[in-house]
Amino acid sequence: MTTHEPQHEPALPTRAGASRTWTLNDVVLIDGTGAPAMPAAQVIIEDGVVAAIEPAAASANGPSVVPGRGRWLLPGLWDTHMHHGFSAGSMTSAAEVSRDQGLLNWRAYLRSGVTSVVSTGDDPRRIIAARAAERAGELLGPRIFAAGSVVTAPGGHPINTLMHGSGYDLGDLAVGLDEPAAAVQHVRSALLEQDLDLVKVVVSSIPGDGPRLRPEVLDAIVLETHRLGRHVIAHVSTEQEAAEAVAAGVDGLEHMVPEGADLFDATLAKMTERGVMWTPTLSLFDRMAHDRDLSYVQAQRPDGYVSPIVLQSVESWAASRTPRSPDGARWERTVDNAGRAHAAGVRLALGTDAGMTAVFHGLAVHHELELLVRAGLSPYEALTAATAVAAEKVGASARLGTVEVGKEADLVLLRADPLADIRNTRAIDLVVKRGVPYDPDALRVA
């Protein structure tokens, strides 16, 4: 049976979490390496690491064995483009940006089987503190990788957009730089002093006549970031901006362009040649294509994944008298262009832009998987975008992103086959992060 609806069966035991060595026995293993699914396997976890992958043991039992019952095991999912400083509501109440709501947002990822996230723009002090708390076992949520402050032109996006007139303290969400020397100093501070994981730049002019990062500043950022062994990702909005960012040597593009002509195809060819990734954030554009449509939001079945505070805020946004966007068809074309990128050989990394209105923390990853399949990826390819390629985006593929001996044990156990129907990624029985198992029902967000 292939279904994405919850099955009313007893949850798997999680008592193995008390043991340093435990086994998931009798699973269909989708390891994320590209190898075919391995039926009747067992995965042995020791001190948070995959110690062995073997044929299932017919007689395995005991308190350190979790029975897989022939269900599907895959690497923990990733969201490589999210913003924790935003609630996914319309940011109309202080409760949406409260500490308690922030903790719920982190928990929603783990409930959704998302074991790692990449913050692509948040106040660095806050996101670094959250990262430290998660590593210390004091925060219930995913692993956190972070870019800290977005680098943009003085007065550029998001300074002149998201931060302009905001009634809430977004901290140092972005920094405006106009000189190469200042850009180099920022990169050194972010990567050496703050130990951030990557650098994000905004190449776009949003709105269309907004300030843009000068080419020499972008060049300085790319050169210094690479010298320090980290990756640079670039926010782009048009095919021209995508071409310029790739020419500057960035490692990845964020968001998908809605229009694509000859320049788009030429840029895709260069990206494939150079190994540049693209994170299309189709969940954001799909929401924009369904602007203020509450039925679209409800179809994502957010109950248990999204707090009532955020849902109420989204309902207020949907009922707003603000005119809806007339560009629905334009935003829908981003799905086709993501498919063009994939067909051209560009590696896609899954990211959602979670935190933006109605792009829900954790839950949006499952919607993004559906959109990637709609774009033309196979279910296995979509899962690879959410696992192996995602880990590579932040240079973590040596220890995360696939289920292999010696890698850290971040896993998701599903009740139904995601290769038959990608929607089955929501049928989660067990989540494992750092070798510790969690019952998703105990992580319900309410």
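Is S205 buried or exposed? S205 is buried, with a relative accessible area of 14%; here buried means under 20% relative accessible area, exposed over 50%, and partly exposed in between, using a 1.4 Å probe and protein chains only. Welcome to this predicted model, in which local features need pLDDT of at least 70, side-chain atom pairs count only at pLDDT 80 or more, and totals for chains, interfaces and linings use all residues. Residues are numbered from 1 along each chain as its sequence is written, and side-chain values use heavy atoms, with hydrogens and water left out. Helices (H or I, at least four residues) and strands (E, at least two) are DSSP runs, numbered from the N terminus.

**Two loop residues**

- S205 sits in the loop between β10 and α4.
- Leaving aside residues up to four places away in sequence, S205 touches G210, P211, R212 and E241, where contact means heavy atoms within 4.5 Å.
- A319 belongs to another loop, the one between α9 (308-318) and α10.
- With a relative accessible area of 63%, A319 is exposed.
- A319 and A133 are 186 residues apart along the chain, and their C-alpha atoms are separated by 38 Å.

**Helix α4 and its surroundings**

- Helix α4 covers residues 215-227, which makes 13 residues, and it reaches 18 Å from its first C-alpha to its last.
- That reach is close to the 18 Å expected at 1.5 Å a residue; the expected span is 1.5 Å times one less than the number of residues.
- The buried residues of α4 are V217, L218, A220, I221, V222, E224 and T225.
- As background, an α-helix has 3.6 residues a turn, so residues three or four places apart point the same way.
- The partners that the buried residues of α4 pack against are β8 (150-152), α3 (180-193), β10 (198-202), β11 (231-235) and α5 (239-248).

**Strand β10**

- β10 is mostly covered, as five of its five residues are buried.
- On one side of β10 the buried residues are L198, K200 and V202, and on the other they are V199 and V201.
- In a regular strand, side chains alternate between the two faces of the sheet.
- β10 and β11 run parallel and are joined by five bridges; two strands pair if DSSP finds at least two bridges between them.
- Within this pairing, V199 stands opposite V232 in β11.

**The three-strand sheet**

- Three strands form an open sheet in the order β5-β6-β7, with parallel pairing.
- At the edges stand β5 (77-82) and β7 (143-146), each with a single partner strand, so one side of each has no neighbour in the sheet.
- From one strand to the next, the twist averages 20 degrees. Axes are lines fitted to C-alpha atoms, for helices over the stretch in contact, and angles run from 0 to 180 degrees between N-to-C directions.
- Strand β6 (residues 114-119) pairs with β7 in the parallel sense over four bridges, and S116 stands opposite R143 in β7.
- Helix α2 (residues 124-135) lies across β6 and β7 and runs at about 150 degrees to β7.
- Helix α11 (residues 363-374) also packs on the sheet, touching β5 and β6, and its direction makes about 95 degrees with that of β5.

**The seven-strand sheet**

- This open sheet has the order β3-β2-β1-β4-β14-β15-β16, and its pairing is mixed.
- Its edge strands, β3 (49-55) and β16 (436-438), each pair on one side only.
- The twist here averages 35 degrees from one strand to the next.
- Strand β15 (residues 428-433) and β16 run antiparallel and are joined by three bridges, with V432 standing opposite P437 in β16.

**Helices that pack on α10**

- Helix α7 (residues 282-289) and helix α10 (residues 328-343) pack at an angle of about 155 degrees, their axes 7 Å apart.
- That makes α7 roughly antiparallel to α10; angles under 35 degrees count as roughly parallel, over 145 as roughly antiparallel, 65 to 115 as roughly perpendicular and the rest as oblique.
- The α7 side of the contact includes L282 and F285, and the α10 side includes W331 and V335.
- The axes of helix α6 (residues 262-274) and α10 come within 9 Å and cross at roughly 40 degrees, which makes α6 oblique to α10.
- F264, D265 and L268 of α6 meet N337, R340 and A341 of α10 in this contact.
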